[in-house]
Amino acid sequence: MSKIVAQNVSPLRDCVPLYDRRQTVEMSSPTFAQLLNNVGDHVAGGETETPVHRVLTMQPPNSIPFVLSFSNLTYSVTVRRKNIFPAMSRGLTEEAPVTRTKVLLHDISGEARDGELLAVLGASGSGKSTLIDALANRIAKESLKGEMKLNGEKLHTKLLKVISAYVMQDDLLYPMLTVEETLMFSAEFRLPRTLSKSKKKSRVQALIDQLGLRNAAKTIIGDEGHRGVSGGERRRVSIGIDIIHDPIILFLDEPTSGLDSTSAFMVVKVLQRIAQSGSIVIMSIHQPSNRILSLLDRLIFLSHGQTVYSDSPFNLPQFFTDFGHPIPENENRTEFALDLIRELDGTPDGTNNLVEFNRKWKSCSTTSTIYDLSLKEAISASISRGKLVSGATNPTSMVPTFANPIWTEMAVLSKRSFTNSWRMPEIFFVRFSAVMVTGFILSTIFWRLDNSPKGIWERLGFIAFAVSTTYYICAEALPVFIHERYIFMRETAYNAYRRSSYCLSHALVSLPSLIILSLSFAALTFWAVGLDGGASGFLFYFSVVLASIWAGNSFVTFLSSVVPHVMIGYTIVVALLGYFLLFSGFYMNRDRIPSYWIWFHYLSLVKYPYEAVLLNEFKDPTKCFVRGVQLFDNSQLGDLPNSIKEKLLDNISETLNVTITSSTCFTSGADILVQQGITQLNKWICLWVTIAWGFSYRILFYFTLLLGSKNKRR
Ligand SMILES: Nc1ncnc2c1ncn2[C@@H]1O[C@H](COP(=O)(O)OP(=O)(O)OP(=O)(O)O)[C@@H](O)[C@H]1O
Ligand SMILES: [Mg+2]
């Protein structure tokens with residue numbers, strides 16, 4: 001390639017029909033209904049009978065083609081320019097613009113048909129992911145210009161959401177679930193409730209065969225710490241969970257990236273099979289091998305957001321020959337194209353000639369596709385063949401937004417989360433050990449406190465520390481949602497379940513462990529420290545510990561939904577819990593807190609459980625904590641012999657003219673509460689307020705998920 005100029009370019013050559021694979025490739029496919037019928041025969045005997053698994057055999061189509069066409073898609077973003085020397089530049093130029101518009105997609109048009117694989121190709125940064133996002137409705141409507149039509153009708157967001165699926169570039173899966181379980185949970189979320197459990201199982205088994213995952217079905221997904229399935233298998237599982245309901249349109253962003261050539265080929269082969277079972281498959285791919293190229297039906301080559309080629313891969317040699325740069329024999333066609341584009345980029349005109357040449361060449365070779373049915377008819381026919389099993393029993397009403405009612409979603413979510421945590425017992429064990437070790441240390445330090453003046457301060461110290469410990473234990477909830485967030489976003493983007501179900505099941509699943517932790521901590525410390533109140537006192541103490549762990553857990557869960565990173569999260573949690581303790585009333589009474597900080601005192605999560613336990617502890621009016629000569633404890637006179645202290649008491653009696661004996665009570669429990677400024681609420685209100693904080697943070701968590709997980713580009 002010595003000279004990069006379009007020589008003898010003759011786009012307006014005789015318009016000989018180019019190779020069209022559609023004429024020769026037999027479309028195929030058993031639909032999901034046929035599939036279920038087939039498998040149903042084997043499971044008719046009962047749910048426990050093992051279904052016979054078969055790889056799907058391809059049959060000639062009943063031809064209900066869908067044609068997705070998109071025209072003039074244009075998307076641009078405003079980029080802020082960093083102006084390091086604003087004053088200087090102002091002096092040099094009239095007015096230096098600080099923002100500029102960057103076009104990411106420029107006038108892209110094309111067409112994808114069912115039964116076919118459409119691949120978007122191009123160098124890194126050429127706009128592949130952006131185009132897939134645009135087609136999959138992941139760019140805000142206001143920002144994207146152009147039109148998308150399915151069978152000639154405008155595609156509405158709600159419909160697209162139901163009939164399509166988007167497979168992300170990253171594999172976001174629960175590490176401790178097996179392949180089969182992962183697909184089964186997806187089936188429970190997305191397949192309609194009218195479908196029996198055995199049919200759902202059959203669908204999963206058929207999908208496992210279709211994805212070529214039979215040998216890995218019982219293997220866990222795995223993560224850094226647990227050996228699991230291979231990268232290629234993991235990618236196929238990711239695809240599987242999104243196509244469980246047999247969508248009509250499937251979008252994938254680089255499904256083969258990071259895979260070796262054999263795994264990549266197998267993934268694309270699976271995609272071809274999915275397409276041939278009556279779906280439109282649109283994917284981006286970086287640099288396909290010759291083997292993979294032979295599976296693709298249509299290509300869109302991008303360069304800087306512009307189309308440089310859009311046709312069948314078989315027409316590539318002709319295209320480049322016409323452009324004046326024939327592809328040498330034995331050279332990979334896409335590699336050649338990418339190299340040529342890179343070289344053109346280095347010329348003054350860039351790829352403009354190629355873009356222009358493609359436009360003329362296209363207008364000559366394009367044939368418009370004729371589809372047999374209107375969109376509504378096509379979807380109805382598709383549904384009656386068993387497609388879109390996500391709740392589509394009544395084609396006239398199309399499909400409901402969610403496949404299952406809220407309680408089913410909650411049950412499935414709770415089961416999945418519980419199964420995943422159950423297989424990682426070490427996490428719970430570490431938390432449990434942390435609680436027990438803290439409880440043990442506290443018990444030994446504050447062992448059997450007495451009712452002396454020293455005992456009062458030790459009791460206060462123990463209660464403040466114990467309550468704040470329960471909050472610190474909750475910090476472990478932070479990474480849970482931060483890790484799960486992207487799974488949640490992927491699943492809710494296509495209405496796998498309601499956000500409310502997720503919030504409720506998230507709270508439900510955490511409760512058993514919170515109960516075990518608070519019960520162990522309360523039981524270990526209550527009698528060891530010698531807290532007051534017997535059995536009823538213990539029950540109240542346990543309730544307060546549970547309530548504060550619940551409030552702490554909810555608070556940390558809410559934080560995890562607003563902070564982007566675990567480390568930032570920990571910093572914020574630790575700082576806030578420190579402030580909560582500072583303003584709780586333990587270090588400083590309410591009336592000593594400056595008025596401009598008093599609001600923080602009422603927001604402090606530590607204040608309410610701290611006051612509740614104190615009220616429980618010092619509620620008994622008959623109990624005395626400073627009696628007779630104990631008056632001199634905690635002072636310089638404390639070391640004097642008792643006989644002198646008694647004389648001092650007598651002198652005080654005479655001076656004040658009141659009878660003070662060695663059994664006179666100076667400080668009752670009520671006095672301590674007044675000294676601590678605990679006069680506003682009773683212990684039950686404190687308990688309920690703590691519980692209410694927990695619910696409030698859960699509600700905030702829900703709203704953050706509702707507003708903050710739209711998952712769309714602006
Ligand atoms: N919000 C944005 N602001 C500015 N530029 C952006 C923004 N989003 C994407 N881009 C730019 O748009 C171009 C296309 O990005 P895109 O992710 O679509 O590329 P790609 O072809 O998928 O690349 P890769 O193969 O590396 O995944 C890139 O140059 C990218 O830097
Ligand atoms: Mg990309």
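1. Start with Leu 252. Leu 252 touches Val 167 and Met 283, with residues up to four places away in sequence left out. Two residues are in contact here if their C-beta atoms, placed from the backbone, lie within 7 Å. Leu 252 sits in strand S7. Leu 252 counts as buried, with 30 C-beta neighbours inside 10 Å. Buried means that 20 or more other C-beta atoms lie within 10 Å of the residue's own; exposed means 12 or fewer, and partly exposed is in between. From Leu 252 to Leu 271 is 19 residues in sequence and 9.7 Å in space, C-alpha to C-alpha.

2. A word on the source. This is a predicted model: local features need pLDDT of at least 70, side-chain atom pairs count only at pLDDT 80 or more, and totals for chains, interfaces and linings use all residues. Residues are numbered from 1 along each chain as its sequence is written, while chains are lettered from A and ligands numbered from 1 in the order in which they are written.

3. The chain as a whole. The chain has 25 helices and 12 strands. Helices (H or I, at least four residues) and strands (E, at least two) are DSSP runs, numbered from the N terminus. Of the 714 residues in the chain, 41% are buried. Take the contacts between residues at least 6 apart in sequence: 80% of them join residues at least 24 apart.

4. The nonpolar core. The largest nonpolar core holds 165 residues. Such a core is a set of buried Ala, Val, Leu, Ile, Met, Phe, Trp, Tyr and Cys residues joined through C-beta atoms within 7 Å. Ala 119, Leu 183, Phe 251, Leu 271, Val 281 and Ile 282 touch the most other members. Helix H19 (residues 534-562) supplies the largest share of this core, 13 residues. The core lies between domain 1 (21-81 + 98-356 + 372-384) and domain 2 (406-612 + 672-708), because both give residues to it. The domain bounds come from an automatic or database domain assignment.

5. Which residues does Phe 251 contact, leaving aside its neighbours within four places in sequence? They are Ile 132, Leu 135, Ala 136, Ser 164, Tyr 166, Val 167 and Ile 282.

6. The ligand site. Ligand 1 is surrounded by 13 residues, and the closest are Ser 124, Gly 125, Lys 128, Ser 129 and Thr 130. A residue is near a molecule if its C-beta atom, placed from the backbone, lies within 6 Å of it. Strand S1 (67-80), strand S2 (99-113) and helix H3 (128-135) each supply at least two residues of the shell. H3 gives the most, with 3 residues. By class, the shell has 3 nonpolar, 8 polar and 2 charged residues. Nonpolar covers Ala, Val, Leu, Ile, Met, Phe, Trp, Tyr, Cys and Pro; charged covers Asp, Glu, Lys and Arg; the others, Gly among them, are polar.

7. Asp 114. Asp 114 lies in the loop between S2 and strand S3 (117-122). Is Asp 114 buried or exposed? Asp 114 is buried, with 25 other C-beta atoms within 10 Å. Apart from neighbours within four places in sequence, Asp 114 is in contact with Pro 65, Phe 66, Gly 278, Ser 279 and Ile 280. Asp 114 and Leu 68 are 46 residues apart in sequence and 8.3 Å apart in space, C-alpha to C-alpha.

8. Two loop residues with positive phi. Asn 151 has phi near 50°, a positive value in a residue other than glycine. Asn 151 is in the loop between strand S4 (144-150) and strand S5 (153-154). Asn 151 is buried, with 21 other C-beta atoms within 10 Å. Asp 246 has phi near 60°, also a positive value in a residue other than glycine. The loop between helix H7 (231-243) and strand S7 (249-252) holds Asp 246. Asp 246 is buried, with 28 other C-beta atoms within 10 Å.

9. The annotated transmembrane regions. An unreviewed UniProt entry lists residues 428-449, 461-482, 503-526, 538-559, 566-587 and 687-708 as "transmembrane region". UniProt positions follow the numbering used here, feature names are shortened, and annotations may be inferred rather than shown by experiment. Residues 428-449 are 82% helix and 0% strand, with end C-alpha atoms 31 Å apart. Residues 461-482 are 86% helix and 0% strand, with end C-alpha atoms 34 Å apart.

10. Cys 686. Helix H25 (residues 683-708) contains Cys 686. Cys 686 counts as buried, with 23 C-beta neighbours inside 10 Å. Cys 686 and Pro 609 are 77 residues apart in sequence and 6.3 Å apart in space, C-alpha to C-alpha.
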